[in-house]
Amino acid sequence: MNGKRIMFDCGMHMGYADHRRYPDFSRISKSGDFDNVLSCIIITHFHLDHIGALPYFTEVCGYNGPIYMTYPTKALAPLMLDDYRKVMVGRGEEQQFTNENILNCMKKVTAVDIKQTVQVDKDLLIRPYYAGHVLGAAMFYATMGDAAMVYTGDYNMTPDRHLGAAQIDRLHLDLLITESTYGKTIRDSKYAREREFLKAVHNCVANGGKVLIPTFALGRAQELCILLDDYWERMNLKVPIYFSSGLTIQANLYYKVLISWTSQKVKDTYATRNAFNFKNVQSFERSLIHAPGPCVLFATPGMLSGGFSLEVFKHWAPCESNLITLPGYCVAGTVGHKLSDKTTKVDVDKDTQIDVRCKIHRLSFSPHTDEKGIMDLVKFLSPKNVILVHGEIKNMDYLKGRIESELGLQCYYPSNNETVTFPTTHFVKADASASFIRSSLTPNFKFVKDVTTETAPVQVLDERVTQGILTMEKGQKLKILHEDEVLTITGTEHIEV
Ligand SMILES: [Zn+2]
């Protein structure tokens, strides 16, 4: 592939607070001339590990080229980014970008629809496909010259309550780059896992405890909210469910507007009831932290990486009757990552240690595909090469083994800054002259009979071989000619020996 490159996602690492939180952009261009090196940036979805560095890259580093993402991602990303900015400020860190930076960055974004084909420049064509995972998430198909590839971002091969499953066409690919977060996990029934979560929450509030659910404003918050709201209705529970900030209420508004991107079930019931009109959910006031009585609170950010959820955690964790539910996967470096059933004390920052006496529940459902889903997608697309990203090394190594031995495909999991090179298929289009086509019409049948059995039918094979001469003329398309035509054109005589 010559010339420019594509940047797929522009994320940040949630576990770091120094320069390591962002990609090392000097690897792309030492001089900072990013516009001449990149043909575009493609953002798959609004999660910070996929978009967190974008305002920094455009507004601080100065990238000014095209950026593509789906309509919902463009609508929701500013909320995520500003929420993260507030957490940084709240932690007393230097602000990396302002709210104005976020808005200016978003002005440079071109929004695209699922399955909309976009010709970015003369060499590059892109097309998004529905990925499940979070609202607006997309996998991107891209072709550069003859090379074709898909980059998945994060995806889910099974539908959840508010989103559908990933959907993609059977494409002819040189390369598939797939996430592998749960590369070595096969998940059991989702229904059982949801019941387990509901039971833990119900037990806690029935005993007068408080439940803290740290989540990001978008995604899991809506999924769990639909689940809890339905359960509250069915069980006729009166315990209040709160959202920590106006932000999440605002996010729910977006979900209502972007209903066409949600699951079939949500769309089907839309006529009678919008699934994002939560009956039992109200907004939370800071003074309620110390209010007596049970409650359920959704607080941002997820993984207890700082901000309001961490503040509430400090107050609620020391009480035995309370419950904290955490996602199955928390980034290393976050408080969420340090907690387990056996934790009794945790350092939340360098001066504060918290006694943890509450119960900890790990949510075992997540909007990522599991091992089976990854294998299904790889098998369905059967690309010539597979690159695994977004996973732990031991899981990727295990998956690579399965992909190579069971599917016979080349598989790689390069580390940061490592380059993987492989040839792509080149198709050359050529015209064919009429006499060349005529010359290839005469069949050359061969009859074969299996002599080992009497009853075997005779097989007919067509063994025709066609010969022509590929000609190239300046400024003209390639053409295949019959040899006699070439003789005529060049004025050469036909000599038989
Ligand atoms: Zn994600």
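Colleague: How many cavities of 30 Å³ or more does the count come to?

Modeller: The count comes to one cavity of 30 Å³ or more. On a 1 Å grid over the protein atoms alone, a cavity is a set of points where a 1.4 Å probe fits but cannot get out, while a pocket is an open set with protein on both sides within 12 Å along at least five of seven lines. Before we go on, this is a predicted model: local features need pLDDT of at least 70, side-chain atom pairs count only at pLDDT 80 or more, and totals for chains, interfaces and linings use all residues. Residues are numbered from 1 along each chain as its sequence is written, and side-chain values use heavy atoms, with hydrogens and water left out.

Colleague: Why roll a probe at all?

Modeller: Rolling a probe the size of a water molecule over the atoms shows where empty space is left.

Colleague: What volume does the largest cavity have?

Modeller: About 100 Å³. A volume here is the space filled by probe spheres set on the points, and grid points are joined across faces, edges and corners.

Colleague: Which residues line the largest cavity?

Modeller: Met14, Leu48, Met80, Asp83, Tyr84, Val87, Arg91, Phe216, Pro301 and Ser305. Lining residues have an atom within 4 Å of a point. By class, seven are nonpolar, one is polar and two are charged. Ala, Val, Leu, Ile, Met, Phe, Trp, Tyr, Cys and Pro count as nonpolar, Asp, Glu, Lys and Arg as charged, and the others, Gly among them, as polar.

Colleague: Which element gives the largest share of that lining?

Modeller: Helix α3 does, with four residues. Helices (H or I, at least four residues) and strands (E, at least two) are DSSP runs, numbered from the N terminus.

Colleague: And which domains does the cavity lining draw on?

Modeller: At least three residues come from each of domain 1 (5–186 + 367–412) and domain 2 (200–363). The assignment also gives domain 3 (431–490). Those bounds come from an automatic or database domain assignment.

Colleague: How many residues of domain 1 are in contact with domain 2?

Modeller: 29 residues of domain 1 are in contact with 31 of domain 2. Contact means heavy atoms within 4.5 Å. The C-alpha centres of the two domains lie 27 Å apart.

Colleague: Which residues have a positive phi without being glycine?

Modeller: Asn236 is one of them, with phi about 55 degrees, and His390 is another, at about 60 degrees. Most residues other than glycine have a negative phi. Asn236 is in the loop between α6 (220–235) and β11 (241–243). His390 is in the loop between β18 (385–389) and α12 (393–407).

Colleague: Is Asn236 buried or exposed?

Modeller: Asn236 counts as exposed, because its relative accessibility is 52%. His390 has 32%, so it counts as partly exposed. Buried means under 20% relative accessible area, exposed over 50%, partly exposed in between (1.4 Å probe, protein chains only).

Colleague: Switching to Lys256. Where does it lie?

Modeller: Lys256 lies in helix α7 (residues 246–257). It is partly exposed, because its relative accessibility is 25%.

Colleague: What is Lys256 in contact with, leaving aside its neighbours within four places in sequence?

Modeller: Asn274, Phe276 and Asn277.

Colleague: Last one: how many helices and strands does the protein have?

Modeller: The protein has 14 helices and 24 strands. Of its 497 residues, 49% count as buried.
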